[in-house]
Structure formats: C-alpha cells, structure tokens
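Work through the exercises below with the structure open. Try each task before reading its solution.

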Amino acid sequence: MKRLSIFIVGIMVAVVAMSRTFDMKQLGADAKGINSCTELINRTIEKAALEGGGTIYFPAGTYLTATIHMKSNITLYLESGAVLRFSDKFEDYLPFVTLRWEGTVMKSLSPLIYAHSADNVTISGRGTLDGNGLKWWLWEFDTRKVIKENGGKLPALDKLQQMWVDANKDLEISDYYKPSLERRMFRPPFIQFYECTNILIENVKIINSPFWTINPAFCDNVTIHGVTINNPSSDPKGPNTDGINPSSCRNVRISDCLISVGDDCITIKSGRDADGRKYGKACENITITNCIMLSGHGGVVIGSEMSGGVKRVAISNCVFDGTNAGIRLKASRGRGGVVEDIRVDNIVMKNIQGDAFIFDLFYDRLSKVEPVSERTPIFRNIHLSNVTGNDIKRIGYIKRIEEMPVSELSFSNMNIVAEQGFKAETATDIQFNNVSFTVDEGPSFDFRQCNGIFLNDVRSKKPIDNQPVVNIEKDVENVNIIHCDSTQIMRK
C-alpha cells in the first residue's frame with residue numbers, strides 16, 4: 001500500500017510538472033513562420049504566470065512573433081531547430097514601455113523580449129532568436145542621412161516619432177546627447193529585462209539584433225552563459241548592435257560566450273549624464289570569463305555611459321580576435337561616475353585593428369576644462385596582467401582630461417607585438433612590470449604630462465635603431481626605473 005501511495009504521488013507530481021510546460025506548436029502556433037504567434041505566446045505567458053510559472057516550449061520550427069513580455073517564474077525554451085523570428089514592422093512594438101536606451105530612461109518601443117519587475121526569468125535551449133534587423137538598420141542609415149542633409153534636424157516627424165516626443169516631454173538630456181536623440185524614434189534592444197532579479201540566459205543563439213542585443217537594466221543576479229551572438233559587422237553592418245550590455249546591474253556573470261557584432265562585444269554601463277546620476281546606480285560585481293570576441297568595436301568595454309559608476313569587475317580567460325579594440329574604457333566631461341576596482345587577467349589578442357588598450361576620459365573631444373564636480377568622470381585602481389597579443393595596430397593610450405588624470409593603473413606580465421606603441425598622457429601612478437612591447441615604429445612607451453611612473457623590466461624584443469624604447473617628456477615627474485636597459489630610455 002505504501003508503494004502504491006508513493007507511485008500515485010509520483011504520477012501527480014509528473015502531471016503537475018507536465019502541466020507547466022506549454023508546447024506552443026500543440027497550442028496552435030504556426031511552426032512555418034507565416035502567421036504571427038505574438039498574441040498566443042503572450043497569452044500563454046500570462047496563463048502560466050497565473051499558475052505560478054512554467055516553461056513556454058518551442059519545438060523545432062520557425063515561429064513569427066513581435067514583442068514577448070516575460071513574467072516572473074517563466075522560462076522561454078527553444079529546442080534545437082527552433083527559430084523565433086521577430087517582426088520587422090515597427091508598429092508591432094507598441095505600446096511604448098519604460099526602458100533605458102543608450103543610458104537614458106525613457107518611454108519607447110518595446111524591446112523584442114521584455115520584462116519589468118519580474119523575478120526568476122529564463123531564456124534557454126539550443127534554438128535561435130532572430131531579430132530580423134535589416135529593416136531597422138536601413139531605417140537608421142536613412143534617418144541619419146536625412147538629419148545630416150537638413151542641418152542636424154528632421155524636416156518632419158512621422159507617427160512614431162511624434163508619439164515618442166509626446167511620451168517624453170520631461171526628458172532631461174545634455175547638449176552633447178541632443179544630436180543622437182534628434183531621430184525621435186529608436187530601435188529597440190533585443191532583450192531588456194528592466195528592474196528584474198534572478199535572470200538566466202543560456203545556450204541560445206541570437207542573431208540580427210535591431211540594436212543592443214542583451215541589455216539588462218537595473219537588474220540583480222544575472223547569468224549569461226554559453227550564448228552565441230552574431231550581428232553582421234559588414235554588408236550590411238548592423239549599427240550599434242552591441243552584444244551584451246549590462247546597465248546599472250549587480251552580481252552579473254558572463255561566461256563561455258561567442259560574440260561577433262557590429263559594435264562593442266561586451267560593454268558595462270550605468271547611465272548617461274544627469275539622467276544616469278539621478279538614478280545613481282552603479283554596475284557592480286561583474287565577472288566576464290572564458291569568452292571569445294570576434295568582430296566588434298571593442299572586446300570588453302566600460303562606458304561611455306557610466307554616470308552611475310562601474311565597480312568591482314573581473315575579466316579573465318578571454319580571446320579577442322579581429323575586434324577594433326581590446327580592453328576599452330571611455331567617458332567624457334559631463335558624464336560623471338567612478339570606474340574603479342577593475343581586474344583584467346589572462347587575455348589573448350590577435351588582429352586588433354586599432355588599440356589593444358584604451359583609457360579615454362576625453363571621449364567628447366569638444367569639451368573644455370571645468371572644475372571638478374559630479375560631472376567629472378574618474379578612472380582609478382585598474383590592473384591588467386598576463387596579456388599576449390600580436391598583429392595589433394597600436395598597443396594603446398591613456399587620454400587626458402587635465403582636471404582628473406587616470407590614476408592607479410598597472411600593466412604586468414605582458415608580451416605584445418604591434419605596429420605602434422603605448423602613449424600615456426595626463427596620468428598618475430602608472431606601473432609597468434615585466435612588460436615587453438615590441439613595435440615597428442616609434443617608442444614602445446611614450447609618457448607626457450604624467451606624474452608617478454614606475455618601470456620595472458620593460459623592454460622591446462626588437463629595439464629600433466636610433467629610437468628609444470621608452471620616451472619620457474620633460475613634463476613627466478617622479479619616474480622610477482629599475483631593471484631596464486638605460487640605453488633604451490630617452491628623457492627630453
């Protein structure tokens with residue numbers, strides 16, 4: 001009798017478990033990708049949420065949909081061979097929702113997959129999410145052209161642009177950002193979970209995003225694992241199709257991902273200018289490991305929208321092969337925010353078309369010196385080690401703002417071969433330990449307007465005749481050099 005009771009309980013548990021898996025094909029979804037499944041998908045999510053949660057299951061096939069609004073305790077599961085192909089009709093992403101777009105909170109078209117204030121949200125499986133982004137990209141190119149040809153203004157507003165204006169009358173934006181917002185209608189992120197907790201995105205392949213691909217905002221406990229992201233970088237290029245962009249999120253783990261996109265591969269952000277400082281929420285406790293970055297503007301980037309701050313980031317065991325830059329930190333006057341406690345370790349770079357390392361506080365080249373205030377961005381306590389690279393255009397640079405030098409930056413155990421070397425301008429407390437920078441032209445290390453430079457065993461494997469390996473301008477103070485060949489160092 002006891003065994004029979006256990007058996008009956010087991011059947012009941014199995015039935016309950018099965019009842020919470022919703023097979024979309026069995027429920028009537030068109031698996032040939034002809035008829036839209038949007039209403040059915042969202043209605044099923046609502047039903048599952050009312051029952052306490054469940055799995056929205058897509059067997060092999062192609063399913064046409066527009067925006068999907070996730071709820072707490074919902075899993076979107078795509079079987080191998082399943083493709084969710086999203087509509088390219090802009091009106092399908094109405095009504096407007098609250099989201100953060102390029103670091104500014106606004107009302108705009110819904111992300112393709114969206115949730116607000118949800119808990120325990122999952123996207124999983126071996127299937128494909130196809131953003132069908134071509135029409136969005138062409139709209140972007142055409143709109144930019146129209147604005148440029150009309151002196152930086154739109155000559156007229158269409159229906160969606162006017163809707164955006166009406167919905168965002170009180171939006172506070174900086175002068176620097178106004179040209180970007182002149183479009184008045186904005187391509188949505190592919191996936192944005194807004195003010196959510198316990199997020200898991202794993203194993204799926206994501207292609208052709210209209211805009212940023214995975215973009216959680218104001219979220220806590222985010223895991224992104226084993227995801228492949230492929231947005232075209234040419235013919236045509238998917239503009240601004242970043243891979244993974246956590247914005248003002250806490251406790252984020254990104255691992256074992258393969259990313260090839262039309263902009264930055266992984267970017268850590270926390271809001272733009274006054275709007276970002278108003279929320280004042282840092283992106284913090286971030287780990288990025290075991291990822292491969294191919295096409296993209298940067299491998300791992302912090303900024304430029306970082307007004308809420310970026311803190312405690314560990315980047316390790318990654319390969320950058322073909323990106324424009326490797327590690328890139330960027331900000332500008334007016335942005336504010338502190339980027340600090342950053343560790344980069346065990347990185348291999350190849351075919352970097354620009355700079356391996358960028359630390360740029362002067363991203364807005366038109367800005368002028370101003371008193372230090374909440375508008376002043378800060379980069380400090382950043383340490384990079386165990387980096388190997390070759391076939392690189394430039395090793396990199398530190399770019400000034402006079403009122404706030406980059407500080408507490410170290411490079412250790414590096415072996416990099418490039419066409420040009422590393423330039424540091426307006427920085428303090430910069431250390432190089434056991435670093436080999438071998439270049440084809442110019443000095444390997446070039447310091448200007450710096451204070452507190454420590455060089456320990458820095459060298460070039462192939463010094464250039466009549467050219468110093470280390471060039472130190474006369475406006476550099478407090479230089480400590482040990483274990484270096486003095487004949488390879490020049491101070492002007």
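The exercises that follow treat a predicted model.

**Exercise 1. Trace the pairing of strand 7 and find which of its side chains are buried.**

Step 1. Start with the partners. Strand 4 (residues 61-65) pairs with strand 7 in the parallel sense, over five bridges. Strand 12 (residues 128-130) also runs parallel to strand 7, joined by three bridges.

Step 2. Thr 62 has Val 83 in strand 7 as its bridge partner. Leu 84 has Leu 129 in strand 12 as its bridge partner.

Step 3. Read off the faces. Ala 82, Leu 84 and Phe 86 point to one face and are buried.

Step 4. Go on past strand 4. Two bridges join it to strand 2, and the two run parallel. Lys 32 stands opposite Thr 62. How many of the five residues of strand 2 are buried? The count is zero, so strand 2 is hardly covered.

**Exercise 2. Compare two aromatic pairs, Phe 86 with Phe 190 and Phe 411 with Phe 432.**

Step 1. Get the total. The structure holds 21 aromatic pairs.

Step 2. Take Phe 86 and Phe 190. Their centres are 5.3 Å apart and their planes 75 degrees apart, an edge-to-face pair. Phe 86 lies in strand 7 and Phe 190 in the loop between helix 5 (178-181) and strand 13, so the pair ties together parts 104 residues apart in sequence. Phe 86 is buried, with a relative accessible area of 0%. Phe 190 is buried too, also with 0%.

Step 3. Take Phe 411 and Phe 432. This pair is stacked: 4.8 Å centre to centre, with 5 degrees between the planes. Phe 411 lies in strand 28 (residues 406-425) and Phe 432 in strand 29 (residues 427-439), so the pair ties together parts 21 residues apart in sequence. Both Phe 411 and Phe 432 are buried.

Step 4. Widen the view. Phe 411 and Phe 432 belong to one aromatic cluster, whose members include Phe 357, Phe 422 and Phe 445.

**Exercise 3. Locate the residues that touch the most other members of the largest nonpolar core.**

Step 1. The largest core has 132 residues. Strand 26 supplies its largest share, nine residues.

Step 2. Look around Phe 193. Its contacts include Met 70, Ile 113, Val 121, Ile 199 and Cys 219.

Step 3. Separate the other core. It lies apart and has six residues, among them Val 97, Tyr 114, Tyr 194 and Ala 217.

**Exercise 4. Is Glu 370 buried or exposed, and what does it touch?**

Step 1. Glu 370 is in the loop between strand 26 (338-360) and strand 27 (378-399).

Step 2. Apply the cut-off: buried means under 20% relative accessible area. Glu 370 has 18%, so it is buried.

Step 3. Inspect the contacts. Glu 370 touches Arg 333, Arg 375 and Glu 403, leaving out residues up to four places away in sequence. With the side chain of Arg 375, its side chain makes a polar contact at 3.0 Å.

**Exercise 5. Find backbone features: the cis bonds at Pro 95 and Pro 236, and the positive phi of Asn 251 and Asn 434.**

Step 1. The bond from Leu 94 to Pro 95 is cis, with omega near 0 degrees. Pro 95 is in the loop between strand 7 and strand 8 (97-101).

Step 2. Asp 235 and Pro 236 are also joined by a cis peptide bond, with omega about -10 degrees. Pro 236 lies in the loop between strand 17 (228-230) and strand 18 (250-255).

Step 3. Asn 251, in strand 18, has a positive phi of about 60 degrees. Its relative accessibility is 24%, so it counts as partly exposed.

Step 4. Asn 434, in strand 29, has a positive phi of about 55 degrees. At 28% relative accessibility, Asn 434 is partly exposed.

Terms used: Residues are numbered from 1 along each chain as its sequence is written. This is a predicted model: local features need pLDDT of at least 70, side-chain atom pairs count only at pLDDT 80 or more; totals for chains, interfaces and linings use all residues. Side-chain values use heavy atoms; hydrogens and water are left out. Helices (H or I, at least four residues) and strands (E, at least two) are DSSP runs, numbered from the N terminus. Buried means under 20% relative accessible area, exposed over 50%, partly exposed in between (1.4 Å probe, protein chains only). A polar contact is a pair of N or O atoms within 3.5 Å; within protein, one must be able to donate a hydrogen and the other to accept it, and residues adjacent in sequence count only if both atoms are side-chain atoms. Contact means heavy atoms within 4.5 Å. Rings of Phe, Tyr and Trp (its six-membered ring) pair if their centres lie within 6.5 Å; planes under 30 degrees apart count as stacked, over 60 as edge-to-face and the rest as tilted. A nonpolar core is a set of buried Ala, Val, Leu, Ile, Met, Phe, Trp, Tyr and Cys residues joined through side-chain atoms within 4.5 Å. Two strands pair if DSSP finds at least two bridges between them.
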